[in-house]
Amino acid sequence: MIYESLPAWVQDAEDILVHINVGGLKRSLFSSTLSNFPDTRLGRLLACESEEAILQICDDYDAQQKEFYFDRNPGLFPYVLQFYQTGKLHIMEELCIFSFCQEIEYWGINEFFLDSCCSYRYHDRKLESCHKSWDEESDVSSVDTSVDEISDLNKDIQHFQEMRCGNARKYLWLTLENPGYSIPSKLFSFLSIAVVLTSISIMCINSLPEYQYFDEDGKQVEEPTLQALEFFCICWFTFEVVTRMILAPNRRKFFRHPLNIIDIVSVLPIYITLPIDLALGSESELGNLGKLVQVFRLMRIFRVLKLARHSTGLRSLGATLRHSYREVGILLLYLGVGVCVFSGFAYTAEYEEDVGLDTIPACWWWGTVSMTTVGYGDVVPVTVAGKLAASGCILGGTLVVALPITIIFNKFSHFYRKQKLDKCLSLLSIFSYSASLPSALHPLHES
């Protein structure tokens, strides 16, 4: 076999031709040229002593022609051939960076062999492509997420076929979860939004002095009408959570879903504070426990997040923040560095003045307010150096805040369109699955 004689004829001849066939492109190289680069793929051919060793390096070998075949792109092989002849890599402007990188990696050629005329352009284009891939990473993951969500939705629908009264439960579950599924689901969605807005309005009205009532002992009591409305809202939220939990095809996934967690958190404080009020009395008699009760009551503000279930914009905002953690992290880093630097300047210039900038933490508050361009005006510098530091702080904050806004806005626009598309795809998936069922099992026929 020629495989066994290959090392012999390589060693016997001082300089032999090694025939290479790359995707139909045939070239010949002297063995002395290949021996200059023994760590490369072609250089390792000279050390092969068996058929298995040769086929681990190339894709095929013609014993009669003594030709090594490689199933690679013939358009990129001239760059590899030039490397063996000159010892330097060169790259043309029109080449794809990642294809070239993968090709030289296959041939065992390190990118450090790039000549100085091409090295800077190569690394600059490679870095630019990496930045683009970072921006597109969230797009790719969001597409994958869309496919996974639709697949999970179909699996959930199929689970109902194995349940008792599965068709009725499926119809009710889709009515609660998908506002566009049917007219009853739209009415339920509108009613749920109205109850959320009513609950938030009641909480705001109760804080107004005009609507605060006191009994004969001077203890604050709620206005009867508002109390009745609040009781109705609590009953509605409880009914909504319990019904969704009962109808859910997968209870474990139900408790992991962010929107369901929000629903539970918005209802839970009521059932924590109610037993305490009934058993122990008013907040003034509870001391520190009363303050804890107040905190739980303030948690009712989380009910506003329930609107995310019915608002594409709020869900898009959450997805944007989740996929823009790099930009948000850079923004917070820049703000933190700027606040520390300009707070130090302000403290150095103003600590002897009685203007409220006599401590570093106080200067941090001033720096945060100034860099975010809020400008309360509660603390202002009075010295020339302090005003110069404040000017730099305001200008720096404007630039820092404005830098990542465009990226975040573009991602928000993308995810808003994605949420709209996901809603349409989920409805199409539901209706296509329902259409594939026999007429007797179709949920719309039952209704």
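Two strands are taken to pair if DSSP finds at least two bridges between them. In the predicted model, strand 3 (residues 60-62) and strand 4 meet this condition, pairing in the antiparallel sense over three bridges. Within this arrangement, D62 has E67 of strand 4 as its bridge partner. The two elements, strand 3 and strand 4, form a hairpin in which four residues lie between the strands. K66, located in the turn, adopts a positive phi of about 55°.

Strand 4 (residues 67-70) is also joined to strand 1 (residues 17-22). Here the strands run parallel, and four bridges connect them. Across this pairing, F68 in strand 4 stands opposite I20.

The cysteines were examined next. A search covering the whole structure returned zero disulfides. For C48, the closest cysteine sulfur belongs to C58 and lies 7.6 Å from the sulfur of C48, which is too far for a bond. C48 is buried, its relative accessible area being 3%.

C117 likewise is in no disulfide. The cysteine sulfur nearest to that of C117 is the one in C118, at 3.7 Å, whereas a disulfide requires a pair of cysteine sulfur atoms within 2.5 Å. With a relative accessible area of 47%, C117 is partly exposed, in contrast to the buried C48.

Definitions and conventions:
Residues are numbered from 1 along each chain as its sequence is written. This is a predicted model: local features need pLDDT of at least 70, side-chain atom pairs count only at pLDDT 80 or more; totals for chains, interfaces and linings use all residues. Side-chain values use heavy atoms; hydrogens and water are left out. Buried means under 20% relative accessible area, exposed over 50%, partly exposed in between (1.4 Å probe, protein chains only).
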